[in-house]
Amino acid sequence: MQAWQVHENGEPSEVMRLADVARPVPGDGQVLLKVRAANINFPDVLMCRGHYQVRPPLPFTPGVEICGETEDGRRVIANPALPHGGFAEYAVADASALLSAPDSLDDAEAAALHIGYQTGWFGLHRRARLEAGETLLVHAAAGGVGSAAVQLGKAAGATVIGVVGGADKAAVARELGCDVVVDRRSEDVIGAVKEATGGRGADVIYDPVGGEAYTQSTKVVAFEGRIVVVGFASGTIPSPSLNHALVKNYAILGLHWGLYNTKNPKLVQHCHEQLTELAARGAIKPLVSERVPLAGAADAVQRLGDGVTTGRIAVVPTGAQA
């Protein structure tokens with residue numbers, strides 16, 4: 001079969017190599033899956049660079065999220081068991097963690113329903129306890145993680161403010177349903193958010209960016225607001241001023257979705273049921289901006305790392321349907 005492999009750490013376009021390799025052999029409790037579509041995530045970029053908290057042994061195949069097909073023909077959503085990731089024709093995954101792919105979504109959309117939407121659901125509902133009528137601010141609202149949070153926020157009855165970088169991404173954020181869109185490249189984020197909220201600020205802030213975005217969040221968070229720290233796509237990990245959190249009376253909430261797979265996997269299944277229901281009634285639909293063939297995976301991963309993509313990019317192996 002064909003699979004992308006990383007033999008050394010570096011930029012994805014430089015270290016990912018497409019090769020003919022043997023099909024992976026499932027271990028105990030694992031199943032072999034034919035990859036129908038693989039969604040590109042920022043952890044794929046970080047793993048190529050050697051900067052992710054999980055460091056699979058070299059060589060490894062990136063791709064942490066797929067829609068696959070079991071040997072008996074079932075469509076499932078899975079996180080492949082590294083080092084046999086999803087940017088390949090076949091992958092392996094833990095049988096106990098397979099989730100049914102919703103009938104309402106095609107393969108590429110189903111592949112994108114997992115990590116980003118699970119992270120959004122846990123962040124907004126489990127951690128921040130977002131309520132209808134509250135204001136949600138989402139950084140990088142046109143990206144894969146941010147777009148999921150925007151849709152989930154709207155589905156929960158929140159007023160959503162999306163912060164983006166550039167006019168093209170602003171247009172995407174509006175199409176996603178953001179009530180207010182702020183272009184950080186041409187607008188003052190702090191001033192625009194305060195104006196949009198009548199000076200009150202946002203009740204919940206969803207931050208997959210870190211760096212300057214986090215600093216802005218602390219200046220526009222409302223009384224009893226909650227900042228959900230999801231990731232650091234900017235490459236800069238902020239150091240919170242706890243005295244500021246005390247004086248302004250807001251909460252800083254960390255979210256590592258992967259922990260729920262080991263600490264409380266039943267919640268992951270419950271979340272998937274909620275997401276499947278929302279997808280069935282059209283309240284959420286993964287924004288798949290591109291579908292690329294397997295040969296285009298390295299370029300697509302690099303573009304995600306460079307911050308020039310919107311929504312999700314799905315890698316569709318030859319012969320698969322999406």
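In what order do the strands of the open sheet stand, and is the pairing parallel or antiparallel?

**Entry 1, ground rules.** I am working with a predicted model, in which local features need pLDDT of at least 70 and side-chain atom pairs count only at pLDDT 80 or more, while totals for chains, interfaces and linings use all residues. I number residues from 1 along each chain as its sequence is written, and the side-chain values use heavy atoms, with hydrogens and water left out.

**Entry 2, the sheet.** I found six strands in the order β10-β9-β8-β11-β12-β13, forming an open sheet with parallel pairing. I noted that strands (E, at least two residues) and helices (H or I, at least four residues) are DSSP runs, numbered from the N terminus, and that two strands pair if DSSP finds at least two bridges between them. Because β10 (180-183) and β13 (251-254) stand at the edges with a single partner strand each, one side of each is left without a neighbour in the sheet. I looked up the twist, which averages 20° from one strand to the next, with axes being lines fitted to C-alpha atoms (for helices over the stretch in contact) and angles running from 0 to 180 degrees between N-to-C directions.

Strand β11 (residues 202-207) runs parallel to β12 (residues 221-229) and is joined to it by five bridges, and I saw V204 opposite R226 in β12. Helix α4 (residues 115-127) packs on the sheet, where it touches β8 (135-139), β11, β12 and β13, and its direction makes about 150° with that of β11.

I looked for nonpolar cores, meaning sets of buried Ala, Val, Leu, Ile, Met, Phe, Trp, Tyr and Cys residues joined through side-chain atoms within 4.5 Å, where buried means under 20% relative accessible area with a 1.4 Å probe, protein chains only. The largest has 80 residues, and M16, F122 and L136 have the most contacts inside it. Helix α11 (residues 265-280) gives the most to this core, with six residues. Leaving aside neighbours within four places in sequence, L136 is in contact (heavy atoms within 4.5 Å) with residues including A149, G153 and V204.

After α5 comes G157, with a positive phi near 90°.

I found zero disulfides in the structure, a disulfide being a pair of cysteine sulfur atoms within 2.5 Å. The closest cysteine sulfur to that of C67 is in C271, 17 Å away, which is too far for a bond.

Terms used
Buried < 20%, exposed > 50% of the residue type's maximum accessible area, 1.4 Å probe, protein only.
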